[in-house]
Amino acid sequence: MGAILVINPGSTSTKLAVFANHELLAEETIRHTVDEIEQFEGVIDQTAFRKQLILEFIETYNFADELVAIVGRGGLLKPIPGGTYYVDDAMLEDLLTEKYNTHASNLGGILAHEFGQEYHVPAFIVDPVVVDEMMPIARISGLKGIERRSVAHVLNQKAVARKILEENSLTYEDGRVIVAHLGGGISVGAHANGKMIDVVNGLDGEGAYSPERSGTLPLIELSKIIIDNEMTLAEVKSLIAGHSGMKSYLNETDLRNIQEKVDNGDEVAKYYLDGMCYQVAKSIAEMSVTLEGKLDYIILTGGASHSKYILEKINQYVSWMAPVEVYPGEMEMEALYEGARRVLEGEEEVRHYADETISRVGVK
């Protein structure tokens, strides 16, 4: 099979890679300065700027004639099941109009479509952050009018689960695993038989605190803070998903720096790092209930899983449930490639965004 171009836009970078026959042929991370980004009014206005940089990458490595598909990072879309999606007109319209909010990842599908048109090859996205495969019972929040949402590091969670299971002669479609993605944000997912059926959603204030997110908070005390400070919704969101966790306790979000403090005998830093590990373990235990205690593996991934200290602390709490496997960092570029490859080689059916709906039970 020919080459597949992978496009992963971030707020201050554009990651690019070309794969063929399971091999990485070229990769580059293009960093964007604040001045470069601030010249544009919004994310969509950056399309031509980023497209030119990608064209230069393609010309540098001379892959234009070998491309058989383009795959981009999935953006903020309606809730959809996991899988590889063709960038159809309905998806493109939702991305271009920013119907479900704005984020740099929205450019993934847009740029994939543009290059697909230019090179006459299909354009895809894979497992965007909005993937929703939750069981109906998992949506119940405890207050009528509010539903729990599925928001997680879906792309990396599913890719790492596939990899670990395949290395142990199992398939993602048959496996039962809990995946904890440990980074600036933390999400923990329960995966069973090819779906992420429940998730601890750190973005919305669930589960463990992380370097910059609050995790679960006592609601009455949080309400007092909001009322006393007359906070807007935007300020509340910023508080629980940007200025909480380690940032609030230690005024630090880089776990490497926190780890260094612990290694140098800082007992306060150790207390809060241990607390984060403890809460991650509690989230893993929560997801074990979702899987009725029938687990093949517990998988730890994300940037924080490079820390031997963090791994040992979490393992101490959860190893009795199932074997613990570790995949440090993330494999997003490879995951995007593999999603497109599976479709092109007939291992998986391509999905169409326009046709997808999420079945919901109960009264909102």
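Contact is taken here to mean heavy atoms within 4.5 Å. The structure is a predicted model, in which local features need pLDDT of at least 70 and side-chain atom pairs count only at pLDDT 80 or more, whereas totals for chains, interfaces and linings use all residues. Residues are numbered from 1 along each chain as its sequence is written, and side-chain values use heavy atoms, with hydrogens and water left out.

By this criterion, and leaving aside neighbours within four places in sequence, Gln-46 is in contact with Ile-37, Phe-40 and Leu-107. Gln-46 is placed in the loop between helix H1 (34-38) and H2, helices (H or I, at least four residues) and strands (E, at least two) being DSSP runs numbered from the N terminus. With a relative accessible area of 5%, Gln-46 is buried, where buried means under 20% relative accessible area, exposed over 50% and partly exposed in between (1.4 Å probe, protein chains only).

The largest nonpolar core has 38 residues, of which Leu-5, Ile-7, Ile-54, Ile-70 and Met-91 touch the most other members; such a core is a set of buried Ala, Val, Leu, Ile, Met, Phe, Trp, Tyr and Cys residues joined through side-chain atoms within 4.5 Å. Among the elements that give two or more residues to this core are strand E1 (3-9), helix H2 (47-61), strand E4 (67-73) and helix H4 (106-119), and the largest share, six residues, comes from H2. Apart from this core lies another, of 36 residues, which include Ala-180, Val-188, Val-200 and Ala-269.

Glu-98, with a phi of about 55 degrees, lies in the loop between H3 and H4 and is partly exposed, at a relative accessible area of 27%. Glu-292, also with a phi of about 55 degrees, lies in the loop between helix H10 (267-290) and strand E10 (297-302) and is exposed, at 59%.

The domain assignment, which is automatic or from a database, gives domain 1 (3-132 + 332-355) and domain 2 (154-329), and their C-alpha centres lie 27 Å apart. Twelve residues of domain 1 are in contact with six residues of domain 2. The area buried between the domains, meaning the accessible area (1.4 Å probe) lost on putting the two parts together, summed over both, is about 760 Å², of which carbon and sulfur atoms give 65%. In domain 1, Asp-127, Glu-332 and Ala-335 lose the most area to domain 2, together 46% of what that side buries. One salt bridge (a side-chain nitrogen of Lys or Arg within 4 Å of a carboxyl oxygen of Asp or Glu) is found across this interface.
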